[in-house]
Each structure stands twice: as structure tokens, then as C-alpha cells.
Amino acid sequence: EPRAPVSPVAATSAELLAAPTTSIKGIGPALGRALAERGLTTVEDLLWLVPRRWLDARALAELTAALAEAVDGDRVSARATVTAARMVRVRRRVWGEVRFAAALGGPPILTVRWFNVRGGIEARFPVGAEVALSGVVKKRGRFGEMANPDVLAIAGADRAGDVGAAGRIVPRYPDVAGVPPAKLRAACQAAVARAVGHVDDGVPAAVADRRALPALDVALTMLHAPAPTFTADEVAALEAARSPYHRRLAFAELFALGVVIA
């Protein structure tokens, strides 16, 4: 049975961490079940779900250049402009289809299809909107196609400037069947905002200080939401799992093993 959301004001640390994923806004019963199948049932589980990649959305490529450099099956991250958007209905199947150009007035060179929507694609992607997206591309000569890419930001046209992740370093998590990447990212960041200061990995503060390790709450926050001031080298360290924040998590595992052996 779904439990009622826990009030962060009145809850203890244990209650905050044990709260179900469905207590997070945007995670309903269906997404909660999909997360549970991956072993993610609580807010604490989301805190410990470390991203596997980080996309520096501060310097996305222009669409034409990104497609020209890609081969079939590559992940492409780029800026693009909406030229057309519509819902497609064929027999019992429904999907959203959006065409993108490199710039307003240019020819469409990328077709994107979303198969997990039932309507409203035209409102979400108005003609002329600038979009930052990332997805696996199928090449068709100089044209490309994507299915269910991760939308990092939408701005311009008749939107009020929903720049979203366009100026950020965007974490990408392990795939969870039935959970859109953007939903998973939002859920993990909501877990950080709610409970990151209450989690404990057993490493005493004095030990962490002697090893020049960041505090656990800082480490988890920077993994889930890297600071926009990170340098390219710091992003590369995240990608290679060599960051101070990865080092903190690895040390905690070894520390726990050492305590058991001792």
C-alpha cells in the first residue's frame, strides 16, 4: 500500500530516508513500481543511485555539426530549432513527432519521435522553440532520427524561457525501464534536496578530514547536481569516476570493510 508523504519538518532522519519514492512529486504509482523493479523503493535508494555519465550542456554542439560527426548508433547532444510538431496516430499506436533544423528558417535535418506521449506535443514543442536534446541517432545520409531522447532544455518561441539544463552539467543515470531519464533525474535531485543532509556512510568526520575527503552530503550533491562552475577537467574527472566525490564513496566502502575485519 502506498504510504502518505512524510513531512520534512516533523520527520526524523530515518523517516526521511525511508520515505517511499512515490512521496516525491512526479513519481506516481506506475513510476514507483518501475523504480521498485530496479530496487529503488526509498528516498535513500535514490540518493545512492550514482549517475553513470555527465553531459556538459553549457557548450552543446550545433545540430548540423553534431550530425556530421556522428555515426549510426552514436549518442548525439546538440542544440536545435523546432520546425514542425504533430501527433501521429496509426491504428492503435500514437506517438509524437517533431522535426528540427539547425536554425530558424533552415531545412529540417532531424526527426524525433516520442512513443510515451498521448498528446500535447505541439504545445510542448512550438515551432521556433530552441531545444537542447541528447539521444542515440540513426543516420539517414546527412539526416538523423531519434527515439525518446532526453530533452535538456526548451526555450524561445511562445515559451517563457524554460532554459532548464541548458546552462548546467546534466547527470545521466543507469536506464530504468519505464522511467523517462528526465523523471529519474528530477526524482534524484528532489531526494537530494529533501534528505541529503541526513544520510550517513559510517565514516567519522575526523577520518574524512584527515584524508582530505569532502563531506558525504557535499559528495552526493555534487554527483547528482554538479556546480555550474565546474571546469572541463572537473567534468572529465566525473566521467572517469576519479572525482573527489567518487573517492569519498569508494573510501566509505573500504572503511566499512576495514572495520569489519578489525
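The model is predicted, so to speak of local features takes a pLDDT of at least 70 and side-chain atom pairs count only at pLDDT 80 or more, while totals for chains, interfaces and linings use all residues. Residues are numbered from 1 along each chain as its sequence is written, and side-chain values use heavy atoms, with hydrogens and water left out.

**Exercise 1.** Find which element gives the most to the lining of the largest pocket.

Solution. Start with the space: about 880 Å³. A pocket here is an open set of points on a 1 Å grid where a 1.4 Å probe fits, with protein on both sides within 12 Å along at least five of seven lines, and lining residues have an atom within 4 Å of a point. Next, 44 residues line this pocket, with D150, P180, P181, A182 and K183 closest to its centre. Then look at the elements: β6 (130–140), β8 (150–155), β9 (169–172) and α6 (181–195) each supply at least two lining residues. The top contributor is α6, with 8 residues.

**Exercise 2.** Describe the lining of the second largest pocket by class.

Solution. This pocket has a volume of about 260 Å³. Its lining counts 17 residues, and R79, A80, E130, V131 and A132 lie nearest the centre. Two or more of the lining residues come from each of β3 (75–90), β6 and β8. Sorted by class, there are 12 nonpolar, 1 polar and 4 charged residues.

**Exercise 3.** Work out how α8 and α10 are oriented to each other.

Solution. Take the axes first: those of α8 (residues 216–224) and α10 (residues 244–261) come within 9 Å and cross at roughly 125 degrees. The two helices are therefore oblique to each other. Oblique covers whatever is left after under 35 degrees (roughly parallel), over 145 (roughly antiparallel) and 65 to 115 (roughly perpendicular). Finally, the contact (heavy atoms within 4.5 Å) is made by L216, V218, A219, L220, M222 and L223 of α8 with Y245, H246, R248 and L249 of α10.

Terms used
Points joined across faces, edges and corners; volume = space filled by probe spheres on them. Helix = DSSP H or I, 4+ residues; strand = E, 2+ residues; numbered from the N terminus. Nonpolar A, V, L, I, M, F, W, Y, C, P; charged D, E, K, R; others polar. Axes fitted to C-alpha atoms, helices over the stretch in contact; angles between N-to-C directions.
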